[in-house]
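Hi,

Here is the structure I promised to pass on to you.

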Amino acid sequence: MRRLAAGMLAASLTLAACGGATGGADSLLATIANHPAAIGTGFQRIMFGLVNQSTGEFVESQFLDAVVTLRDENGAPLDTRKADFMWIVPNVRGLYVLQLEFPEPGLYQLTINVGDGEVGPIGIQALADPVVVSKGEVAPLSATRTSADHDIAEISSDPEPDPDFYTQSVADAIASGPTVIVFATPRWCRSAACGPLLSQVKELAPAFPQLNFVHVEVYENVQAASFDELILVPAIEEWGLPTEPWVFVVNGDGIVTAALEGAASGEELVASFNAVLP
């Protein structure tokens with residue numbers, strides 16, 4: 001088994017690596033928001049934030065273009081792509097996201113052109129065998145709790161839960177057709193992104209009646225008094241999750257077709273849902 005015991009989840013959307021800037025972007029730093037244990041080879045969804053060096057605050061502007069160059073460990077360019085801006089918490093916190101292709105396991109560099117300057121280089125590693133269940137893998141058939149045996153308040157910390165998200169276990173949902181699974185803990189989320197991401201999926205769900213939707217609460221005892229008392233649900237280890245939140249999309253054959261860490265734009269979610277429609 002390549003999965004790691006999750007232990008207490010780390011906050012998603014945290015700094016994994018950073019690089020300074022040159023040129024007109026010399027007031028900026030870049031932070032990679034992916035958890036390092038989740039980056040593999042092939043096309044990978046990479047998120048990063050831009051931070052003002054003077055204030056330490058994230059730069060929140062969908063009007064600031066960022067063009068990313070993937071380089072080998074020696075700095076030779078491999079690919080250049082424009083990143084898209086997305087809000088994590090609407091009008092409060094945002095990140096950039098793009099797909100980059102890592103040809104093989106190893107160390108790489110990213111440089112980011114912003115305005116007339118360059119941020120980086122930033123070190124990033126592609127793993128041969130990431131701990132998180134990845135696109136193209138068979139989805140674990142986790143026996144998660146449902147409203148048939150529990151009050152929703154026992155199995156969800158969502159203050160406004162959608163009852164349809166708790167009628168099936170992950171295993172039963174995957175067995176019955178294409179499925180969207182949200183791992184999130186709105187009450188205990190360390191990144192503040194769980195509630196917004198779960199809400200996005202809930203808002204989109206009525207437009208996709210052909211899909212099953214399941215919310216997996218990260219902790220078994222959501223009514224705990226403190227973080228120290230929290231107990232992870234078994235599905236966290238089964239899916240290899242070192243962070244929260246995550247959205248996984250699984251097709252009718254039980255294969256993961258999308259794995260979205262931390263945050264996602266509406267366009268990303270809709271595209272991933274459409275890709276598995278029967």
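Below is what turned up, topic by topic.

One thing to keep in mind: this is a predicted model.

Let's begin with the nonpolar cores. The largest one has 27 residues, and the members with the most contacts inside it are I181, F183, V216, W239, L241 and F248. Which elements give two or more residues to this core? They are α2 (170–176), β12 (179–184), β13 (212–217), α4 (234–238) and β15 (246–250). There is also a second, separate core of 25 residues, which includes F48, L70, L98 and F102. As a bit of background, nonpolar side chains in soluble globular proteins tend to be buried together.

Leaving out residues up to four places away in sequence, V216 touches T144, V170, I181, V182, F183, A184, V233 and A235.

Next, the aromatic rings. Searching the whole structure gives twelve aromatic pairs. One of them is F102 with Y108, an edge-to-face pair with 5.1 Å from centre to centre and 80° between the planes. Both of these residues, F102 and Y108, are buried. Another pair is F213 with F273: the ring centres are 5.6 Å apart and the planes sit at 80°, so this pair is edge-to-face. The pair links distant parts of the chain, since F213 is in strand β13 and F273 is in helix α5 (residues 266–274), 60 residues apart. F213 and F273 are both buried.

Now the cysteines. How many disulfides does the structure hold? There is one, and it joins C189 to C194, with 2.3 Å from S to S. Its torsion about the S-S bond is about 70°, so the disulfide is right-handed.

Finally, have a look at T243, which is found in strand β14 (residues 243–244). T243 has a relative accessible area of 1%, so this residue is buried. Its side chain has a polar contact of 2.9 Å with the side chain of W246, and another polar contact, of 3.4 Å, joins the side chains of T243 and E261.

Notes: Residues are numbered from 1 along each chain as its sequence is written. Side-chain values use heavy atoms; hydrogens and water are left out. Helices (H or I, at least four residues) and strands (E, at least two) are DSSP runs, numbered from the N terminus. Buried means under 20% relative accessible area, exposed over 50%, partly exposed in between (1.4 Å probe, protein chains only). A polar contact is a pair of N or O atoms within 3.5 Å; within protein, one must be able to donate a hydrogen and the other to accept it, and residues adjacent in sequence count only if both atoms are side-chain atoms. A disulfide is a pair of cysteine sulfur atoms within 2.5 Å. A nonpolar core is a set of buried Ala, Val, Leu, Ile, Met, Phe, Trp, Tyr and Cys residues joined through side-chain atoms within 4.5 Å. Contact means heavy atoms within 4.5 Å. Rings of Phe, Tyr and Trp (its six-membered ring) pair if their centres lie within 6.5 Å; planes under 30 degrees apart count as stacked, over 60 as edge-to-face and the rest as tilted.
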